[in-house]
Amino acid sequence: MFGKTNYIGQSVVDMHCHILPELDDGARFMKETIMMLKEAQEQGIKAIVATPHFKDGAPNATKEEINKKIFEVLKKSYDKNINVKLFPGNEIMYYDDVPDLLEKNQIFTLNESEFVLVEFLPNHPFHYIIDALYDIVDTGFIPVLAHIERYAAILNDYSKVRDIVHAGARIQVNYGSVVGTYGHEAKTFTNKLLKEQKVDYIGTDAHRAEGNRTVEIEDSLRFLYKKYPEEYVEAITYKNAKDDFNLYF
């Protein structure tokens, strides 16, 4: 069950990625997007949910602009023999208007599913995070808590994970956190979640073609398949996202 060696070539869905050019602080231009897509394909990533930031007061891309950008990227990538599918989404920095915007269909969920990728500031108090998650649930959506390992209120009190699960939220971690890219504390916390199979999805949260926020996942996949049950790893790297977000490819 453990120690799988042929992980490269496995189907992977990256459900959290800032790959669309010129929409947020992710890819800066089309050339960088294509570089990221090429690397993603080499890493075994078959599909990406593009999740540009949505923040209060920011010049957020509209749903129409996101779809248009995806079309432009896919056309360019096909011309370069890159076959990675792209689906629309947003990473939403929670604020009070978010439930209303979701109900009015003005923000992308993850591929227009019932799942909403939501983030918070690292220093937000836990009562703010948990109340926001319940507010999203009350609108009829399912919150996916982005990179849970970043929030001090949860990182410093692991028992809060139980409250998040009880609220009906799903948990996402970043690939880099699995192997310590963002520090020992985040790695320890993330691997405790993985050991207890509390993680529902893993995403790259990639912003660039180079540096430590890329789509490169080989080291993390090697670590995951060595340490955790194969069926669970395949669920959190591929199957859960494919099924939950209705990704067809």
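This is a predicted model: local features need pLDDT of at least 70, side-chain atom pairs count only at pLDDT 80 or more; totals for chains, interfaces and linings use all residues.

Student: Got it. What order do the six strands of the open sheet take?

Tutor: In general, strands of a sheet pair through backbone hydrogen bonds, either parallel or antiparallel. Here, the six-stranded open sheet is ordered E3-E5-E6-E7-E8-E9, with parallel pairing. Its edge strands are E3 (53-54) and E9 (201-203), each of which pairs on one side only.

Student: Which residues could I click on to see that pairing?

Tutor: E3 and E5 pair in the parallel sense over two bridges, and His-53 has Glu-91 in E5 as its bridge partner. Then step across: strand E5 (residues 91-93) is joined to E6 by two bridges, again running parallel. There, Ile-92 has Val-118 of E6 as its bridge partner.

Student: What is the strand order in the open sheet of three strands?

Tutor: That one goes E1-E2-E4, with parallel pairing. Strand E1 (12-17) and strand E4 (85-88) are its edges, each pairing on one side only. On average, neighbouring strands of this sheet are turned by 20 degrees against each other, direction ignored. For a close look, strand E2 (residues 45-50) pairs with E4 in the parallel sense over four bridges, and Ile-48 stands opposite Leu-86 in E4.

Student: Back to E6. Which of its residues point one way and which the other way?

Tutor: The general idea is that in a regular strand the side chains alternate between the two faces of the sheet. In E6, Phe-115, Leu-117 and Glu-119 point one way, while Val-116 and Val-118 point the other way, and all are buried. Since five of the five residues of E6 are buried, the strand is largely enclosed by the rest of the structure.

Student: Which elements does helix H10 lie across?

Tutor: Helix H10 (residues 230-244) lies across E6, strand E8 (170-174) and E9, and runs at about 105 degrees to E9.

Student: Okay, on to single residues. Is His-124 buried or exposed?

Tutor: For that you need the cut-off: buried means under 20% relative accessible area. His-124 has a relative accessible area of 16%, so it is buried. His-124 sits in the loop between strand E6 (115-119) and helix H4 (126-138).

Student: What does His-124 touch?

Tutor: Leaving out residues up to four places away in sequence, His-124 touches Ile-129 and Ala-153. There's also a polar detail: a polar atom of the His-124 side chain lies 3.0 Å from the backbone nitrogen of Leu-121.

Student: How about a helix residue, say Ala-186: buried or exposed?

Tutor: Ala-186, in helix H8 (residues 184-195), has 8% relative accessibility, so it counts as buried. With residues up to four places away in sequence left aside, Ala-186 touches Glu-149, Leu-155 and Ser-177. Ala-186 and Thr-139 are 47 residues apart in sequence and 31 Å apart in space, C-alpha to C-alpha.

Student: Where do I find a positive phi on a residue that is not a glycine?

Tutor: Look at Glu-22, with a positive phi of about 65 degrees. Glu-22 lies in the loop between E1 and helix H1 (30-43). The relative accessible area of Glu-22 is 57%, so this residue is exposed. Glu-112 has a positive phi too, of about 60 degrees, and belongs to the loop between helix H3 (98-103) and E6. Glu-112 is partly exposed, with a relative accessible area of 46%.

Student: How many of the 249 residues, in percent, count as buried?

Tutor: That's 53% of them. The chain exposes about 11,200 Å², with carbon and sulfur atoms supplying 48% of it. As for contacts, take those between residues at least 6 apart in sequence: 77% of them join residues at least 24 apart.

Terms used:
Residues are numbered from 1 along each chain as its sequence is written. Side-chain values use heavy atoms; hydrogens and water are left out. Two strands pair if DSSP finds at least two bridges between them. Axes are lines fitted to C-alpha atoms, for helices over the stretch in contact, and angles run from 0 to 180 degrees between N-to-C directions. Buried means under 20% relative accessible area, exposed over 50%, partly exposed in between (1.4 Å probe, protein chains only). A polar contact is a pair of N or O atoms within 3.5 Å; within protein, one must be able to donate a hydrogen and the other to accept it, and residues adjacent in sequence count only if both atoms are side-chain atoms. Contact means heavy atoms within 4.5 Å. Accessible areas come from the Shrake-Rupley method with a 1.4 Å probe; for residues, only the protein chains shown count as cover.
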